[in-house]
Every structure is written in structure tokens, then in C-alpha cells.
Amino acid sequence: MPIGTPAASNCTVQSTLAVSGGPESISKVTLNLDITHPYLGDLDITLESAEGTVLDISSDNGSSGDDYSDVTFDDAAGNAIMDLGPPSAPFPGNYMPEEA
């Protein structure tokens, strides 16, 4: 779901995806991202459950690199996103989130 971001610094962009009609609990989430941003070290990416549990997907990774391009976060992936250093951006591939 495309989301525009304001040009202002220190802003928060939030997206809500309502899930209904499924099981009462979700045991597995895989997140695929395409984010265009000129400085990945600015970004903190989290998921929050309906109950308020917050999961840190990626925070301050990528330094001055540009963009997340076809990046999939999956707790079963072999590499952790925070173990990659510059100039690895745009990080195409599968990575474990910072918290799993």
C-alpha cells in the first residue's frame, strides 16, 4: 500500500492495516518493503499489534544508503538486517527483523 511521506524532518508516517475474519491470533508475519528514502539511517520501522505490542523491524540501519528495494523481513531468514553495513543498501533479499 503506497504511502506518501512529508519532506519535514523528524516526522512519523503511520499505516494501519485492519485484519478481520481470520483466526483470533496470528503466529507468522512476513513483511515486504519498497521504501524510497535518501538516508536509511533516518528510518525506524516497527509493527504494532492491536494489543499494543511493538516489534522493532529495522532501526537506523543502512547509514547514508538509499532505499529499501524488495526487502523481505522474515524471522526464518538467515541474515540479520543490522549485520549488514554500508554500502549494502538497497538490501534486496530476506532478512531477520531486529526483534523476532
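A residue is called partly exposed when its relative accessible area falls between the buried limit of under 20% and the exposed limit of over 50%. With that in hand, here are some notes on this predicted model.

1. Let me start with D70, the residue that calls for the definition. D70 has a relative accessible area of 45%, so it counts as partly exposed. This residue is found in strand β4. Its phi is positive, at about 55 degrees, although D70 is not a glycine.

2. D60, however, has its place in the loop between β3 and β4. Its relative accessibility is 48%, and D60 therefore counts as partly exposed.

3. Now for the overall layout. The protein has five strands and zero helices, which gives the pattern β-β-β-β-β along the sequence. Of its 100 residues, 24% are buried. The accessible surface comes to about 7,000 Å², and carbon and sulfur atoms hold 49% of that surface. Among contacts with a separation of 6 or more, 39% are between residues 24 or more positions apart.

4. Next, the sheet. Three strands form an open sheet in the order β1-β4-β5, and the pairing is mixed. Which strands stand at the edges? They are β1 and β5 (93–95); each has a single partner strand, so one side of each is left without a neighbour in the sheet. On average, neighbouring strands of this sheet are turned by 30 degrees against each other, direction ignored.

5. The largest nonpolar core has twelve residues, namely L31, L33, L40, L43, I45, I57, Y68, V71, F73, I81, F91 and Y95. Both β1 (31–35) and β4 (68–73) supply at least two residues of this core, and the largest share, three residues, comes from β4.

6. Leaving out residues up to four places away in sequence, L33 touches I45, Y68, S69, D70, V71 and F73. Its list thus includes D70, the partly exposed residue of the opening point.

7. Finally, please have a look at N61. Is N61 buried or exposed? With a relative accessible area of 9%, N61 is buried because this value lies under the 20% limit. N61 lies in the loop between β3 (54–59) and β4. Its side chain makes a polar contact with the side chain of S58 at 2.9 Å, and another with the side chain of E98 at 2.6 Å. Aside from neighbours within four places in sequence, N61 is in contact with L40, G41, Y68, I81, M82 and E98.

Terms used:
Residues are numbered from 1 along each chain as its sequence is written. This is a predicted model: local features need pLDDT of at least 70, side-chain atom pairs count only at pLDDT 80 or more; totals for chains, interfaces and linings use all residues. Side-chain values use heavy atoms; hydrogens and water are left out. Helices (H or I, at least four residues) and strands (E, at least two) are DSSP runs, numbered from the N terminus. Buried means under 20% relative accessible area, exposed over 50%, partly exposed in between (1.4 Å probe, protein chains only). Contact means heavy atoms within 4.5 Å. Accessible areas come from the Shrake-Rupley method with a 1.4 Å probe; for residues, only the protein chains shown count as cover. A nonpolar core is a set of buried Ala, Val, Leu, Ile, Met, Phe, Trp, Tyr and Cys residues joined through side-chain atoms within 4.5 Å. A polar contact is a pair of N or O atoms within 3.5 Å; within protein, one must be able to donate a hydrogen and the other to accept it, and residues adjacent in sequence count only if both atoms are side-chain atoms. Two strands pair if DSSP finds at least two bridges between them. Axes are lines fitted to C-alpha atoms, for helices over the stretch in contact, and angles run from 0 to 180 degrees between N-to-C directions.
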